Amino acid sequence: MTGEVDLETSLRDERAHHDRCRTAFEAMVSGADEQVVIGENASASGADAEVLGYQLRSHAKELKELPEGPLFFGRLDFGDGRAHHVGRVRVSEQPADPPLVVDWRAPVSRAFYQASARDPQGVDVRRRFGWAAGSRGDSRDLTGLEDEWLRPGGGAARSRTGTTSGELHGGVAPKGYADDGAGVTGLLARELERPRVGPMRDIAATIQPEQDDLVRAGLGDSICVQGAPGTGKTAVGLHRAAYLLYTHPRRIQRAGLLILGPNRTFLSYISEVLPALGETGVRQSTLLEEIALHPVTGTDTRAAAVVKHDPRTAEVLRRALYGRVRADDAQGAVVQEGSYRWRVPAGEVAGIVRDVLAEEPPYEVGRERVRTRIVVRMRAEAERRSGTRNGTWVRRVERAVGGCVDAVWPKARPEEVVYELLRGTEELERYGGDLLSAEERAVLVWARPARSWKSVRWSAADLVLLDEVSGLIAHPDGYGHIVVDEAQDLSPMECRAVARRVEFGSLTVLGDLAQGTTAWAARSWRDQMRHLGKPDAVVVPLTVGFRVPGVVLDLANQVLERLDVEVPAARSLRGGGELRVTRAEGQLYDAVAAAVRRALASEGSVGVVAADGEVDRFQSLSGERVEVVAAGVVKGLEYDHVVVVEPLAIVAGEERGWHRLYVVLTRAVSRMEVVHGEGVPW
């Protein structure tokens, strides 16, 4: 591709290459199945065979779960004669052969996202491909291509696009996009504007340079993305997960990778992104699911929930747990062995307990340290008087001193600790009197305490408290990397739960302070990252939106000015889009139904968003392309057309109602209609 090649010839050659890639890929899938059979019949040892079988089955499963569709979306032609097609997974005819398609995560592929006319990075031409629905199921037919010429000295990048009709045109920003050098060309714009139907799609074909920098951050780097609406922050986090799985497969498999989302609706929406990138088996969960020791069967008043999510409560719980240790009540440890009686006096036991407390170990570790040190002193005395003691003797003595250990460092259950605090005894006053006000302590106390911890109806906030105590007793299993989305809504106590699970790993934190809607939502990323245990993490703003049209974002930015956080306003590269504000002259339902009919006249998904308490009124409007959603759960979702119902009701429904309205106003990717009967708040 060194000159202006005839479009039809180029399309014919690229179609032939894709057919070759399809044949090779099908052989890869078949070969993976054969390797599973061979691996399971191999004469390896039990453990090795199990590991080999798991790896082969995982690889075969990943290949099979890739969605039908094009195997490449781009091509790079370098000045030294190399040419590489770029796709979601590597494709080759034989494992040792040069790839027909290179994985988008491979080092050579980075130029596809980063090269520009100012910095070509050795690239002469970057080619993008246009695909249309084909005749073979969900596969696609190659119908167009677009070349960006990046040769040094060649001036501004030039693009040419075409379809099977042979149309060609010069390379300028497409209609509706700002021509500001952001590199949004015709085919890229069409991919960004493709209707949003079904789950979230990957963005491997459309990653922008600033997004690529975040995706390819190192495994040891914790980063926080302050992403304005439509900037692709969620996609960045998921693609970073895929990149880490590609570049550090053994470390990630050993340490684990977790995707945390705010709710199951959101996780369902993003569930197909990683499989589409060739990565299956990644745990995707909510924080509540990760920490739940019991099902949620109880509720809290808002005031009680706010105190339970306050970081001061962590210190109250720590005091309550370690307050069970009784160094001053120590009794001497005595073990009878034949005619010998081995003793550790009460004063020495008390000294051991105080020394261990000063070391601040996890509660269960501290308990075992006390036991071990008592046994060590007994063993030293026994060996001094009557010779060496073996392991059997040590284990017998460890059991024998159990009563002494229980007296000074008793066993503890998280449920017992929380129960004793919240049932209204003097413990809450003793351990929280100087940290919580009398009013705060009062709202924490259960109005009708259960008879024991076994019959407590635990609330969602209670589970956070239980996890805090569990983490004090023994560290939970951790992960090598956690991606946390909508992190601005996590409370400090919830952040601590995440931090305990990534103490020796790294974080990708995604969110937007302007979209914080919980009573404890973060006002500062620095404070939030401190609670998450990564105070030195880099905070990177993403402000350029590719999803939300400019006319919609301009309206949302008017609401942004009313919020109590300082974040940079978003700007959209998309100058098009539609915004309509309609006053309901009669029944509000009829006006909303009419807006839905107008939306259905265009292709794409339709979201009807109403205040949480009003959403049931409009559920009958749901349909194949229409989803009726409460404002409280619409965060993270997107629709081609959004019908916003009664914005003043959304604002009035919650303490952070303006933040919630901002969320609602940034869900549309093409068109938005605001329907109201009470006026609008801007």
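1. In this predicted model, the backbone oxygen of Gln94 lies 3.0 Å from a polar atom of the Ser92 side chain. The side chain of Ser92 also makes a polar contact with the side chain of Arg90, at 3.0 Å. A polar contact is a pair of N or O atoms within 3.5 Å; within protein, one must be able to donate a hydrogen and the other to accept it, and residues adjacent in sequence count only if both atoms are side-chain atoms.

2. Residues are numbered from 1 along each chain as its sequence is written, and side-chain values use heavy atoms, with hydrogens and water left out. Local features need pLDDT of at least 70 and side-chain atom pairs count only at pLDDT 80 or more, while totals for chains, interfaces and linings use all residues.

3. Ser92 sits in the loop between strand S2 (83–87) and strand S3 (102–103). Helices (H or I, at least four residues) and strands (E, at least two) are DSSP runs, numbered from the N terminus. Is Ser92 buried or exposed? Ser92 is buried, because its relative accessible area is 6%; buried means under 20%, exposed over 50%, and partly exposed in between (1.4 Å probe, protein chains only). Beyond its neighbours within four places in sequence, Ser92 is in contact (heavy atoms within 4.5 Å) with Ala24, Met28, Asp97, Pro98, Pro99 and Leu100.

4. Leu142 belongs to strand S5 (residues 140–149) and is buried, with a relative accessible area of 4%. Leaving out residues up to four places away in sequence, Leu142 touches Leu11, Glu14, Arg15, Phe129, Gly130 and Trp131. From Arg12, Leu142 is 130 residues away in sequence and 9.2 Å away in space, C-alpha to C-alpha.

5. The structure holds two cavities of 30 Å³ or more. On a 1 Å grid over the protein atoms alone, a cavity is a set of points where a 1.4 Å probe fits but cannot get out; lining residues have an atom within 4 Å of a point. The second largest cavity has about 60 Å³ of space, and its lining includes Thr313, Val316, Leu421 and Leu465. Helix H12 (312–322) and helix H17 (414–422) are the elements that give two or more residues to this lining.

6. The protein chain has 26 helices and 21 strands. Of its 682 residues, 54% count as buried. Among contacts between residues at least 6 apart in sequence, 72% join residues at least 24 apart.

Definitions and conventions
1 Å grid on protein atoms, 1.4 Å probe; cavity = no way out; pocket = protein on both sides within 12 Å on 5 of 7 lines; lining within 4 Å. Points joined across faces, edges and corners; volume = space filled by probe spheres on them.
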